[in-house]
Amino acid sequence: MAPPKLIFYLAYALCLCLSCSANSVVSSLESDGRYDQKQECMVLQSKVCTDLPYNRTNFPNILGHQTQEDADREIESYKALINVKCSSTLKLFLCVLYFPVCNVLRAHLKPCRSLCEENRRKCEPVMLRFNFGWAENLRCDQFQYHSENKLCINDNSTDNQRDSQPAEKSLLTFKCPDVLLPGRLKSNPIKIGRSEVSCSLPCNTTFFASQEQRRFARHWVLVWAVVCFLFTLLSVITFLLDQTRFQYPERPFVYIIMCYCMMSAVYITGYGLGDSVSCATNPNNPNATRVLVRGTNQNTPCAILFMVEYFFMMASSLWWLILTFTWLLASSFQWAQESISNLAHYFHFLAWAVPAAMTITLLILGEVEADSLTGICFTGITNRDILLGFVIIPNSIFLLLGVVFLLIGFASLIKIRRFVKSQSGGRTEKFEKLIMRIGFLGALYIVPAFVTLGIWTYEAAEMPYWMIGWWQRICTEYGITCPAEAAAKVAKAAAAMAAGGSARDYVALANQQREVAEKLAVEQLASDPASVELASQLAAASNSEPRFEFIMLKYLTSQIIGISFSLWVWSNKTMKAWYRLLQCRLSPPRQTANSNNGATVANGVSQPVVDPVPDFRHPMLAPQAQSLLQQQQQQLQQHPNNASRLAYFSNEEQRIII
């Protein structure tokens, strides 16, 4: 039996240890949370915080509310989010903050940081869809991870050992660095691997980190945009000078050129504004990395540039479809120009209303993203679903339907050519020339449009791999898990388990070596056997990035259609129209006097002004028409001052031309 003095000394030493331990815990609580000896426990009365592991609380709480009524009014705003069930632990997390647990230590126990991060990861994307960001007083960096000397409240279903380390719950899951968290910027979540997280993208290092590439891209886009703008602007002015020249079915030409004029103006504006539109600073952390604008509430000029660019891009595709449809009506169904013109209001409604509806839909969804290479904003740059649904599929439908209409019109022209040729060896040079012109015109649009669609499809197919490659490039800089290393650890764990070792032995070895990542790798395999396939995808995509030359080709083909269509408009008639305009502007007026009721003075005698009598002889007129016009010409010579009859005969000539 031990001596009584020895037992006494041992008991005394044990009491000292327990006292020191309690003091350290209380001191940590005093430093981490509010500590007030006068706080009294009270029954929890909130209707939101029911069915929890505790039912007694004390005030003031962690957030500074003095009474339960004050805290209950604020937590009511989260009731709808709790009912959505975006996270099973959201209710516990919020109630611990607003109605802290009353405990024997008489100090507030804060929620663990891992509990906060889990709820933010799951619920913030839901909040962003309704234009609400994660509240400032719920920031996760104010909480601490669970450890032996720092107590916090966590969900019992979570792994406490995993929570004790600031590591991801899944080794293969992307975790957004703190400096890239959107905060009040409220951007839509991005997809990286199997993760969908709310995270911003760095302004200068998303896909093309090289400054030389970015500088070349800006100048490349600017050159082609300026050329396209000048050519299309001159063509639009030509149309305004002589609107009667462009009638249906040629009128949609002009509207396509107008659309490309506006699109090129957007690129020029993006170059002039630099990064002021495409990049933004997080108001929560002004010293953090500048990030690309994502969403519609971060930058109004960005939203405006997106609206103009996307609207006119879709409008140009629809006008192409209308152009080929009117060509089909004229060539295959022999519709006259007046009949096609009667449908003009339907054409305008289709060409402008559909792009407007699609643009408004994207604004409501907030799917607006800045393009770091051009400085403008577009959609679907990192979201393949939006790129497919709002860019690739609609443009593919419009382009293919236009090709079908064009081919049917070609078939009709070829049929007419054969008929004319079979009739006593008729001359078909005009038909052949017309077929060649239409075919060349179709190629000017179809070839660049198909190239652009091909590059968009390439972007949609490779986008998941590019995002993983971006994760790999920034992981070391921002201190997060790298996908290539994580994939290697999962593969190593899978190989060890396949060789006959048990998961328990491998976890024990990982714990002994303090390899938390390898432990998580085994846990990842145990919870999700498909992780091996995901790990192989991460390893294969860790070096993926877009082909720079393909992206530059996309910007070229997006402008070349406007340039080629403008060149098509420039003909002898165009030159004559500009010549007449310049002649009218530069030449002095030829009439010297008009004070005597339109009379001129010659040798002191006032004489009436007589318009020259036009020569109505025309090689395309039938013999009967020639005879009729000769009679009308003789009558006109007898009445030289009858301007109304002159106009009538001029119109009559145009009417009876065969």
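Modeller: Gladly. The model is predicted. Let us start with Glu367, a buried residue that has no salt bridge.

Colleague: How do you know that Glu367 has no salt bridge?

Modeller: Look at the nearest side chain of opposite charge. That is Arg294, 5.4 Å away. A salt bridge needs a side-chain nitrogen of Lys or Arg within 4 Å of a carboxyl oxygen.

Colleague: Where does Glu367 lie, and what is it in contact with?

Modeller: Glu367 lies in the loop between α11 (344-365) and β7 (369-370). Leaving aside neighbours within four places in sequence, Glu367 is in contact with Asn188, Leu362, Phe378, Thr379, Asn383 and Ile386.

Colleague: Now Glu309. What makes it a residue without a salt bridge?

Modeller: Again, distance. The nearest side chain of opposite charge is Lys554, 9.5 Å away. The limit is 4 Å, so Glu309 has no salt bridge. Glu309 is buried and is found in helix α9. Beyond residues up to four places away in sequence, Glu309 touches Met263, Val266, Tyr267, Ile376 and Phe378.

Colleague: What makes α9 largely enclosed by the rest of the structure?

Modeller: The count of buried residues. In α9, 25 of the 32 residues are buried, so the helix is largely enclosed. For the protein chain, 45% of the 658 residues count as buried.

Colleague: How does the reach of α9 stand against the expected value?

Modeller: Helix α9 runs over residues 300-331. From its first C-alpha to its last it reaches 46 Å, close to the 46 Å expected at 1.5 Å a residue.

Colleague: On to the rings. How many aromatic pairs are there?

Modeller: A search of the whole structure finds 25 aromatic pairs. Take Phe253 and Phe565, a pair with its planes at 50°.

Colleague: Why is that pair called tilted?

Modeller: The ring centres are 5.2 Å apart, and a pair needs centres within 6.5 Å. Planes under 30 degrees apart count as stacked, over 60 as edge-to-face.

Colleague: What makes you say that the pair ties together parts apart in sequence?

Modeller: Phe253 lies in helix α8 (residues 251-273) and Phe565 in helix α18 (residues 548-569), so the pair joins parts 312 residues apart in sequence. Both Phe253 and Phe565 are buried.

Colleague: Why is the pair of Tyr267 and Tyr555 called edge-to-face?

Modeller: The angle between their planes is 75°. The cut-off is over 60, so Tyr267 and Tyr555 count as edge-to-face. Their centre-to-centre distance is 6.4 Å, and the limit for a pair is 6.5 Å. Tyr267 lies in helix α8 and Tyr555 in helix α18, so this pair ties together parts 288 residues apart in sequence.

Colleague: Are Tyr267 and Tyr555 buried or exposed?

Modeller: Buried means under 20% relative accessible area. Tyr267 has 8% relative accessibility, so it counts as buried. Tyr555 has 6%, so it counts as buried too.

Colleague: Which residues do ring pairs link into a cluster?

Modeller: Tyr255, Phe311, Phe312, Trp319 and Trp352.

Colleague: Why does Leu201 count as buried?

Modeller: Its relative accessibility is 2%, and the cut-off is under 20%, so Leu201 counts as buried. Leu201 is found in the loop between β4 (195-197) and α7 (211-241). Its contacts beyond four places in sequence include Ile190, Arg290, Arg294, Met467 and Trp470. Leu201 and Trp470 are 269 residues apart in sequence and 9.5 Å apart in space, C-alpha to C-alpha.

Colleague: And why does Gln334 count as exposed?

Modeller: Exposed means over 50%. Gln334 has 56% relative accessibility, so it counts as exposed. Its place is in the loop between α9 and α10 (337-341). The phi of Gln334 is near 55°, a positive value in a residue other than glycine.

Colleague: Last one. Where are cis peptide bonds found?

Modeller: One joins Phe59 and Pro60, with omega about 5°. Pro60 is in the loop between β2 (56-57) and α2 (68-75). Another joins Tyr248 and Pro249, with omega about 15°. Pro249 has its place in the loop between α7 and α8.

Methods:
Residues numbered from 1 in each chain as written. Predicted model: local features only at pLDDT ≥ 70, side-chain atom pairs only at ≥ 80, totals over all residues. Heavy atoms only, no water. Helix = DSSP H or I, 4+ residues; strand = E, 2+ residues; numbered from the N terminus. Expected span 1.5 Å × (residues − 1). Buried < 20%, exposed > 50% of the residue type's maximum accessible area, 1.4 Å probe, protein only. Lys, Arg positive; Asp, Glu negative; His and termini not counted. Contact = heavy atoms within 4.5 Å. Phe/Tyr/Trp six-rings, centres within 6.5 Å; stacked < 30°, edge-to-face > 60°.
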